[in-house]
Amino acid sequence: MREHICALRAAGIGVEQIAVLAGIATSHVRELADPGRNGNPRIRRVRPETAHQVLRIRIDQANRAPRSHLIATGTRRRLQALIAVGWPPDELAARLGRSSAGLRRSMLSHSITAQTARDVSALYEQLWSLRPPQSIDGQRAAADAARAFAAERGWLPPLAWDDIDTDPNPRHRTEIADTDDLDEIAIERALAGDGVRLEHLTPAEQAEVVRRLTGRGKSIRDIAQQLATTKRTISRRRASIKAA
């Protein structure tokens, strides 16, 4: 049991939180964790119910004290993924009840609090499969700007990850393109020449727009001009579509 307490503490679950979760006194947890002198622990035996209460505590995010710290990778990826599909950073900050500057700090920090991780995870589960509002010009402009901001930094959408917390690398982009949800509003605006740049679209949406414009008889030059990109980029998109 002492080893389990050490593992919990190493994972960022402090003595006070262990005591709360186990329903025992903080001082008792400290005694249980004390290795003693010369390897002779202060407490050699504990009641079965106490051992059960401590051993049932799992090492996961939900058991961490709100102010304990953990690696920010999953939180950072979730925020980046939401921005990649068009959720403006300011909108995310407002929904989290934080300032824009506070959100930026969370995205740049190596570690964040467990409470921040829980809040971002809950927001991500709520929004990852939804497109941001784009019914008025201001909303469309904000969503386009968010996608462009993410594209410039190589941030990937939610479906790029099998496990957003632990995957060392995202799935190949062609796999993302096969499964990524399409924003038909963004696609229709791009097809209509409504000032949507190619970089404002997800990889799947880029491929779909190029495919449809090609089907309408548009030349590479015309498509590049309409989407504010280069002929070389459109040629590559066409080649990837044919290869698929």
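Analyst: Buried residues make up 41% of the 244 residues in the protein; buried means under 20% relative accessible area, exposed over 50%, and partly exposed in between, with a 1.4 Å probe and protein chains only. This is a predicted model, in which local features need pLDDT of at least 70, side-chain atom pairs count only at pLDDT 80 or more, and totals for chains, interfaces and linings use all residues. Residues are numbered from 1 along each chain as its sequence is written, and side-chain values use heavy atoms, with hydrogens and water left out.

The protein has 14 helices and two strands. These are DSSP runs numbered from the N terminus: helices are H or I with at least four residues, strands E with at least two. Of the contacts with a separation of 6 or more, 65% are between residues 24 or more positions apart, where contact means heavy atoms within 4.5 Å.

Now the pocket. Rolling a probe the size of a water molecule over the atoms shows where empty space is left. The second largest pocket has a volume of about 180 Å³. On a 1 Å grid over the protein atoms alone, a pocket is an open set of points where a 1.4 Å probe fits, with protein on both sides within 12 Å along at least five of seven lines; lining residues have an atom within 4 Å of a point. Grid points are joined across faces, edges and corners, and the volume is the space filled by probe spheres set on them.

The lining consists of Ile83, Pro89, Asp90, Ser100, Leu103, Arg104, Met107, Leu108, Phe149 and Trp155. Seven of the lining residues are nonpolar, one is polar and two are charged. Here Ala, Val, Leu, Ile, Met, Phe, Trp, Tyr, Cys and Pro count as nonpolar, Asp, Glu, Lys and Arg as charged, and the others, Gly among them, as polar. Helix H7 (100–108) gives the largest share of this lining, five residues, and H6 and H7 each supply at least two.

Helix H9 covers residues 137–153. Its 17 residues reach 25 Å from first C-alpha to last, close to the 24 Å expected at 1.5 Å a residue, the expected span being 1.5 Å times one less than the number of residues. Among the buried residues of H9 are Arg140, Asp144 and Arg147. The buried residues of H9 pack against helix H5 (73–84), helix H6 (89–96) and helix H11 (184–191). After H9 comes Gly154, with a positive phi near 75 degrees.
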